[in-house]
Amino acid sequence: MLGKKVFGLLLQYVEIDKRQIKLNKLSSNKKSNYVPSFSQGLDRFKSIGNMRNMGYLPRWVILAIDMVIVSFCAVITYKMLVEMGRNYVHGGFLYFIIPVFLFLNLFFFWLFRTYSGIIRHSSYIDAVKIFIALFLTLIFLVLINYTSYIFYDRKLFMNAGLFINFIFTFCALFIYRIVVKQSFEIYFSESQNSDLIRALIYGSDANAISVANALKSEKPSRFRIVGFVDKENQNSSKRILNLPILNLKKKIPVLMRSVEAEALIIADKSLSKEEKLVLVDECLEFNYKVYTVPLISDWEDRNEISQKVKNFQIQDLLERKPIVLDDKSISSQLHDKTVLITGAAGSIGSEIARQVISFNPEKVIILDQAETPLHHLTLEMDKLLADSHIVSVIADIRNKESVEEVFKKYRPSVVFHAAAYKHVPLMEENPAQAIFVNVGGTKNISDLSCAYNVESFVMVSTDKAVNPSNVMGASKRIAEKYVQALHYRLNVEKQHCKTKFITTRFGNVLGSNGSVVPLFTEQIAKGGPLTITHPDIIRYFMTIPEACQLVLEAGAMGKGGEIYIFDMGKPVKIIDLANKMIRLAGFIPDKEIKIEIVGLRPGEKLYEELLNDSAKTLPTHHEKIMIAQEPAEDFEYVFAAVNDLIITANQYSSNAIVSKMKAIVPEFVSMNSNFEKLDNCSTNQIIEQ
C-alpha cells in the first residue's frame, strides 16, 4: 500500500491538475499567512496519491518535459561520443549550436502539436508525430551542417552523432509516454478489477479483437476480459492482446469455470443461429450472463462498438436471416406517392411509417385517435430529416365523415390499414367495440379507398382470425371477408374503382404494445412472479421490423384479393420463453423469480393457426410469403351481414352480437368463454334470451 501511494505521488507530479494549479495560486495570494494543520496536510497528501482525482497536464508542461528530455538526450549523446574520443559538436560555436538545436526541436514540436495529446491516452498517432518532428529536426540540422561546411569549411556537428541523438531522443520520448500510459492502466485496472464483470469473448477474429479493444478503453469500464475462445481449435499456443486463446474442446461452461469468467460475449460473426442458441442455452443453464454484439463495420470507432455490446435479448433467440426485400417493386409503389397509415401510433403502424419513409414518398399521413403516442411518433419522424412531408391526423376510423375529410384533402395513393383493437380479453368483454373498430372501421377505410381511387389498400390482420376462438379474432376474420368480397365484386363488375385490396396475416410480434415479452420484462423488473395462462401454450413470434417489411413486400406484389400469410418460423412454448427471459436477466427460475400458472383467459387458445382447415397455400417469389387460398364470399351477402352486425352492435347486446358473428364466421367456436353456450343455440333463441 505504501508503495502504491508513493507511486501515485510520483505520477501526480508527472500529470498535474491544471485546475488545482489555479486554485493553489488563488489560495496563496489570498492566504499568504495561512499554515495548514498536520491533519490537513496529511489529507492533501492522500488526495495527491489518489490517481482517480487527477486531471490532465496543461500542454505547456508536456512541451517543457519533452524539451527537458531532448536536452538530456543531447547531453548523453555528447558524453558518450566524447568518451569514445569523438567530437560531437564544434566547441567554438556552442553559442550558436545550442539555441539552433533547441529552437528547431521546439519549432517542429509546435508544428506537429506533439504536446497536445493526453499522455495517459497516447496512441501510435502520437508516436508518428514525434518521429516526424524529430526526423525533420535531424534533416534541418544536417542541412545546416553541410551549409557550414560549404561556406566555412568546417562542420558544426558530427552527422553520425546527430543520428544517434535522433534515436536516443525518439526512444526516450516514446518510452516516457508508454511508461505513463501503462502505469495508469495498471493502476486503474488493479483498483477496478474487483468491480468488473470477468468476461470471456467467443471468437478470435478481427471482430472479436475490436470488441475487446473497445471494452478495454470503455469509460466507465464494465468488463475485465480474461480470454478468447477459438472454436476452430487452431491457436491454443498463441495469445491476443496478451490474453489466452482457449480451444473449444470442452463445453463453454467448463471453459468459463476454468478462467473464473462470469459472462460470455458472443463476437464470432461466423456462428449460425443454431450454434448461437446452443451457446446461450449452455450458459443460461449454469447462470452465466450472455452478451452479444452485432458485426462491426467501423473498427476504429471504439465508443460505438462498446455501446453495442448488450445483454443477450429474447429477440436475439428468434434472430433469422435478414429479409431481402424487392426494393425496386416497393419503391415503384411508394416513391413520390401519398401514403396513409391508420393506427400509426401503434407498434405495427409506427414501424410501417418508419419503413415507408425510407422509400421517399411525397407525403406520409399518420392517422390515429391516440393523441400522445401520435405526437411522439411525429417528433420522431421529424428527426429523420426525410424529404417526405409528414402529416399527423387525429381521427377515429369509426367516424366515416372525419376520415373522409382526410381522403378528400390528401387523396392518398396507398393505404396501410393497421388500426384495430387487438387485446383478446378486453374484446371478449366488449364485443360491440370490436365490431365498431375492427369491422366498421375497416369497412369505412376500404369503402373510402374505393371511392377515392386509392391504388392499393393493405390490411394488417392476425393469425387469431383463423378458426377464431374469441371475439377479437372473429372480428378480424369478418373484416378480412369484407375486404376480399369487396375486391372480387369490383373485379367482376368492372367498376371504375381500380383499388387492389390486399390482406396480410401474421402471428405475435415481439415487443408490441401489451404483448407477452414486455409483460414478462415488467414482471421480472418487479421481482416476479411471471404469469402464464397454461404450461402447454405455444405461440408464433416474429420481430416488429420483420413483420412490417413483409407487409410492404406483400403490398407491392399483390394483385388484389389475396390473403398473404407469413412464415413465422417455429412455434415457441411460452413457459420456455419465460424461463429463458428470467435466466437472461440473471435470475434463477422458480427460486429467485417464480412462474405462476393462472389459467387460460377468455377466448384464448393453446395454439394459433395461420390457415383454415380447408385452406391451401400458394408460394410467391418471396420464400417467407405465401398466399392463402380461401374462397371469397358473395359481396351482397357479406355487405348485408356486416351492416346488420353493426346495427346489432349499436344495441350493445353482447350475446346477440356474438351470435351474429358466429353466423358470419361458422368456424368461430368460443373457448374458455361465456359465449361457449352460443355455439349450440340458434340466433332466434339468443335474441329471445
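The model is predicted: local features need pLDDT of at least 70, side-chain atom pairs count only at pLDDT 80 or more, and totals for chains, interfaces and linings use all residues. Residues are numbered from 1 along each chain as its sequence is written, and side-chain values use heavy atoms, with hydrogens and water left out.

**Nonpolar cores**

- A nonpolar core is a set of buried Ala, Val, Leu, Ile, Met, Phe, Trp, Tyr and Cys residues joined through side-chain atoms within 4.5 Å.
- Buried means under 20% relative accessible area, exposed means over 50%, and partly exposed lies in between (1.4 Å probe, protein chains only).
- The largest core holds 55 residues. Phe407, Ile435, Ile478 and Met661 have the most contacts inside it.
- Helix H19 (residues 471–493) gives this core its largest share, ten residues. Helices (H or I, at least four residues) and strands (E, at least two) are DSSP runs, numbered from the N terminus.
- A second, separate core has 41 residues, including Ile341, Ile357, Leu552 and Phe566.
- Which residues does phenylalanine 407 touch, not counting residues up to four places away in sequence? They are Leu340, Pro412, Val415, Ile445, Leu448, Ser449, Tyr452 and Val454. Contact here means heavy atoms within 4.5 Å.

**Helix H21**

- H21 spans residues 544–557, which is 14 residues.
- From first C-alpha to last, H21 reaches 20 Å, close to the 20 Å expected at 1.5 Å a residue. The expected span is 1.5 Å times one less than the number of residues.
- H21 is mostly covered, with twelve of its 14 residues buried. Among them are Ile544, Cys548, Leu552 and Met557.

**Cysteines**

- A disulfide is a covalent bond between the sulfur atoms of two cysteines.
- The rule used here asks for a pair of cysteine sulfur atoms within 2.5 Å. By this rule the count is zero.
- Cysteine 283 is buried, at 0% relative accessible area. Cysteine 450 is also buried, at 11%.

**Backbone features**

- The peptide bond from glycine 528 to proline 529 is cis, with omega near 0 degrees. Proline 529 sits in the loop between helix H20 (516–525) and strand S15 (530–532).
- Asparagine 287 has phi near 60 degrees, a positive value in a residue other than glycine. Its place is the loop between helix H10 (273–285) and strand S6 (289–292). Asparagine 287 is partly exposed because its relative accessibility is 41%.
- Aspartate 590 has a positive phi too, near 65 degrees. Aspartate 590 lies in the loop between helix H22 (574–584) and strand S20 (595–597). At 43% relative accessibility, aspartate 590 counts as partly exposed.
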